Structure formats: C-alpha cells, structure tokens
Amino acid sequence: MTFPVHFNVNGQSYDLELDPRVSVLDALRDHLSVNSVKKGCDHGQCGACTVLLDGCRVLSCLALAVAHDGAEVVTAEGLGRVGQLGAVQQAFLDHDGFQCGYCTPGQICSAVGMLDEYRAGMPSHITPDINASFALTDAEIRERMSGNLCRCGAYVNIVAALREVADADVRLSVHALHAPEKK
C-alpha cells in the first residue's frame, strides 16, 4: 500500500507514492536522490539527517514522509548556491567548521534552525530566565547544537562560525532598527 506525498524540496516540487513507513530521510535520499542529507545513526541521536521542515529543524530519520505531505523541505544545498553561499555555509568554510564533512549538512541546517529559534526568543535548557531577553552566548550555542554530533571534533570551529553569524545578524538587526525608512 502506498500513499501520495507532495514535497517542495529546495524550491522544487515533487509528487511521490510512498509506503507509509518511509521516513523523510529515506524519501529524500532513496526517492529523490538528495544525497547531502546523511544517514548517520537512523535513531535520531546524531543529527546528521537534520533538515528544515516548514522552517523548523527536524531529524528527518524520525519523521514519516506521509505525515509531512505538502511540506517545504530545505536541505543544506537549498540554503545557498555555488558562488553565493548562505551565511552559515560561508562561516563554516571561513572557520573550518568541518573536517570529514559527513555531519556538515546536518550541522548547517541545525544551525540555521537554531538561529531562527533564538531570533524568535525561544529559550534553551540553559537559558537563565525564560521570561527575560537573553544573549546567544557560546554556552547557548553549544547547548542548542548539542543534538548534532561531529565525530572529528570540529566543535570549537563550529561555535566560532556560528558566533560570527550571530554577531553579524545582531549588527544587521540593530542597523535595520536605526536605518531611515524608505519611501
């Protein structure tokens, strides 16, 4: 028995017929040949399969494709283009935030989702006061990225990359608040 599933993956529309047990990860890799999404543990413990699903970071190995019919899926390659990388992708390159590269696509998708969660004011487990504004410290970055494992140990460089993006984003936000209105 199969079910129709529609996905928009990195801006492209796809219609599939899938067994109801197929995960988003397997739909992407096995049915759509999107190989940047990695299958690490297949148990939701390593984060290698992280994608953005309707704007939220999701472990695609744990999400059933039929449950996300009509979803917008963004993988690491959907966050930029050759010659015009996304801010997180560029920061990973600039800070050598990868070694073997296996976890990098999941790390990048998780980082984009994490930054969006922070901008939305979502606290983490270590946020001191969930009723007050809080800074995105290195400790907050580490906590928020703790679901993504890097077996090569590039964590220091990943935090540096995300610190750069977060600091640039804050500067852009402050600049936008004080910029004259366009008419």
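Modeller: The side chains of Arg-144 and Glu-140 meet in a salt bridge, 2.8 Å from N to O. A salt bridge here is a side-chain nitrogen of Lys or Arg within 4 Å of a carboxyl oxygen of Asp or Glu. Bear in mind that this is a predicted model, where local features need pLDDT of at least 70 and side-chain atom pairs count only at pLDDT 80 or more, while totals for chains, interfaces and linings use all residues. Residues are numbered from 1 along each chain as its sequence is written, and side-chain values use heavy atoms, with hydrogens and water left out.

Biologist: Where do Arg-144 and Glu-140 lie?

Modeller: Both are in helix H4, four residues apart, or about one turn of the helix. Helices (H or I, at least four residues) and strands (E, at least two) are DSSP runs numbered from the N terminus.

Biologist: Is Arg-144 buried or exposed? And what about Glu-140, buried or exposed?

Modeller: Arg-144 counts as buried at 6% relative accessibility, and Glu-140 is buried too, at 3%. The cut-offs are under 20% relative accessible area for buried, over 50% for exposed, and partly exposed in between, with a 1.4 Å probe and protein chains only.

Biologist: How many salt bridges are there by this rule?

Modeller: The count comes to eight salt bridges. One of them joins Glu-117 to Arg-57, with the closest N and O atoms 2.9 Å apart. That pair links distant parts of the chain, since Glu-117 is in helix H3 and Arg-57 is in strand E4, 60 residues apart.

Biologist: What's the exposure of those two?

Modeller: Glu-117 is buried, with a relative accessible area of 18%, whereas Arg-57 is partly exposed at 23%.

Biologist: And which residue does Lys-39 bridge to?

Modeller: Lys-39 forms a salt bridge with Asp-42, the closest N and O atoms being 3.7 Å apart. Lys-39 is partly exposed at 31% relative accessibility, and Asp-42 is partly exposed at 33%.

Biologist: What's the backbone like at Asp-42?

Modeller: Asp-42 has a positive phi of about 60°, although it is not a glycine. Asp-42 sits in the loop between helix H1 (24-32) and E3.

Biologist: Let's do strands. How do E3 and E4 pair?

Modeller: Strand E3 (residues 50-53) and strand E4 (residues 56-59) pair in the antiparallel sense over four bridges; strands count as paired if DSSP finds at least two bridges between them. Thr-50 has Leu-59 in E4 as its bridge partner.

Biologist: What about the turn between E3 and E4?

Modeller: E3 and E4 make a hairpin with two residues between them, and Asp-54 in the turn has a positive phi of about 55°.

Biologist: OK, switching to the inside. Which residues have the most contacts in the largest nonpolar core?

Modeller: That core has 24 residues, and those with the most contacts inside it are Val-88, Phe-92, Met-114, Leu-115, Ile-141 and Leu-162. A nonpolar core means a set of buried Ala, Val, Leu, Ile, Met, Phe, Trp, Tyr and Cys residues joined through side-chain atoms within 4.5 Å. H2, H3 and helix H5 (155-178) each supply at least two residues of this core.

Biologist: What does Val-88 touch?

Modeller: Leaving out residues up to four places away in sequence, Val-88 touches Ile-108, Ala-111, Val-112, Leu-115, Leu-162 and Val-165. Contact here is heavy atoms within 4.5 Å.

Biologist: Which residues of helix H2 are buried?

Modeller: In H2 (residues 87-94) they are Val-88, Gln-89, Ala-91 and Phe-92. Seen down the H2 axis, they fall within an arc of 165°, so they line one face of the helix. That arc is taken over the directions from the helix axis to the C-beta atoms.

Biologist: And Thr-104, buried or exposed?

Modeller: Thr-104 is buried, at 10% relative accessibility. Thr-104 lies in helix H3 and touches Phe-92 and Phe-98, again not counting residues up to four places away in sequence.

Biologist: Last topic. How many aromatic pairs?

Modeller: The count is one aromatic pair. The ring centres of Tyr-118 and Phe-134 are 5.6 Å apart with planes at 70°, so the pair is edge-to-face. The rule takes rings of Phe, Tyr and Trp (its six-membered ring) with centres within 6.5 Å, and calls planes under 30 degrees apart stacked, over 60 edge-to-face and the rest tilted.
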